[in-house]
Amino acid sequence: MSKIVIIGANHAGTAAVNTILDLDPSNEVVVFDANSNISFLGCGMALWIGGQIAGPEGLFYSSQKLLQEKGAIVHMETLVNKIDFDRKIVYAEDSSHSQYEEPYDKLILATGSQPIIPKIEGCDLENVQLVKRYQDADEVIHKLHTDEIKKVAVIGAGYIGVELAEAFKRNGKEVVLIDCAPTCLSSYYDDDFCSLMAETLRSHGIELAFNQTVTKIAGKTKVEKVITDQGEFDADMAVLAIGFKPNAKLGAEQIALFKNGAYHVDKEQRTSLPDVYAIGDCATVYDNSIDDVNYIALASNAVRSGVIAANNVCGGHVETEGVQGSNGISIWGFNMVSTGLTLEKARRFGFDVASADFEDYQKPRFMNHNEKVKVRIVYRRDTRVILGAQMASRYDMSMGIHMFSLAVQEKVTIDRLKLLDLFFLPHFNQPYNYITMAALGAE
């Protein structure tokens, strides 16, 4: 039996708690979390804000009560302010100022990430909103249901920004989406895919302000304008969706960190300190597409890292298979999914790459309810190994990206896809489907 202390109980922490107690219920598991709730699925916030789901209840899959019924001791609204790694003691204080000194045999850091707040004037004005936690989304929804908010400026056109732009538009608001990049979703897709999403947003009435850097949020006490280096936009609410950074302050002076400040971990989620592990958004991942350590903050990665660390603190030797950063988005029924590297990213990493592209209908033309699918497979010219893939369609072709994810993980070449055994049935696909045709067209 071991005494295991876990700091943070959202996706990664919850996965670790459940796995540890499933493996060996005799372990003593103590959890500290600064929030008042756990397991909130932030990826569903835009659906809640946009009224596409009835309420937030389904966005929680665990709770303090459930973890405690399983055998963990869970302290909510309790902030860890110091760790003595030599004596193996965690120091914390709860919302009523009760103090805790908790010794441990093994420590798991699952402290997550924090929203990036730009260093610009006006970020302290009323109606400048962050949207990460349940409380953030709840506050935004209450404000949207008043007559006060008519125009919303979303700053940041990554996944969260694009999803929120749709959500605010579904609430009948005027929406402008601002980003310093030349398009939206540029971290996940190449330009010709990004332009498809930009056109979807524009066709639904969202104003796009790309290639613009926000310099100031203006107003007396509340947001009135968002000012960029190229102009200004009237706004009653400004939503900061610039991105996230790892929350890795605890022990930062003693634990080895990645270049962006995340805890640097090995394939067993171990940090540079003995008996200290880090999981989720506060830690690095092993990225198969570049064969190196990277930082990719996704809930799916967090859950897997929690399972891996849990096995290892219980005496196992489980290593990550690595990740490809597989992801997806659906806006007004237009779906985009990707995994691994885009052409642009691959070139930035120094790879000599090419792409195999194809576009065709999902099913034979005689079938009803048919949609086109656009696919791009990115591969190395020298080894022919697949580094990434992107797909876009109004059809739900999302499961296809899992095959490409495995292809990146297992170093499959583009040539092996040419004669891959892909079944045909008119209800699902074509005899010469877009994956086969893209591979056959590779240089």
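**Entry 1: serine 113**

I looked up the contacts of serine 113 (contact meaning heavy atoms within 4.5 Å) and, leaving out residues up to four places away in sequence, found that serine 113 touches Lys132, Phe244, Lys245, Pro246, Asn247, Asp281 and Tyr295. I note that this is a predicted model, in which local features need pLDDT of at least 70 and side-chain atom pairs count only at pLDDT 80 or more, while totals for chains, interfaces and linings use all residues. Residues are numbered from 1 along each chain as its sequence is written, and side-chain values use heavy atoms, with hydrogens and water left out.

I then checked two of these partners for polar contacts (a pair of N or O atoms within 3.5 Å; within protein, one must be able to donate a hydrogen and the other to accept it, and residues adjacent in sequence count only if both atoms are side-chain atoms). The side chain of serine 113 has such a contact with the side chain of lysine 132 at 3.2 Å, and with that of aspartate 281 at 3.1 Å.

I located serine 113 in strand 8, residues 113-115. Strands (E, at least two residues) and helices (H or I, at least four) are DSSP runs numbered from the N terminus. Is serine 113 buried or exposed? Serine 113 counts as buried because its relative accessibility is 9%, the limits being under 20% relative accessible area for buried, over 50% for exposed and partly exposed in between, with a 1.4 Å probe and protein chains only.

**Entry 2: glutamine 129**

I found glutamine 129 in strand 9, residues 128-130. Its relative accessible area is 2%, so glutamine 129 is buried. Neighbours within four places in sequence aside, glutamine 129 is in contact with Glu139, Val140, Lys143, Met237, Ala238, Val239 and Leu240. With lysine 143 there is a side-chain to side-chain polar contact of 2.6 Å.

I also took the C-alpha to C-alpha distance from glutamine 129 to phenylalanine 244, which is 14 Å across 115 residues of sequence. Phenylalanine 244 is among the residues that serine 113 touches.

**Entry 3: the whole protein**

I counted ten helices and 25 strands in the protein. The radius of gyration (over C-alpha atoms) is 23 Å, close to the 22 Å of the globule rule (2.2 Å times the number of residues to the power 0.38) for 443 residues, so the protein is as compact as a globular protein of that length. The C-alpha trace spans about 65 × 55 × 40 Å along its principal axes. Of the 443 residues, 53% count as buried.
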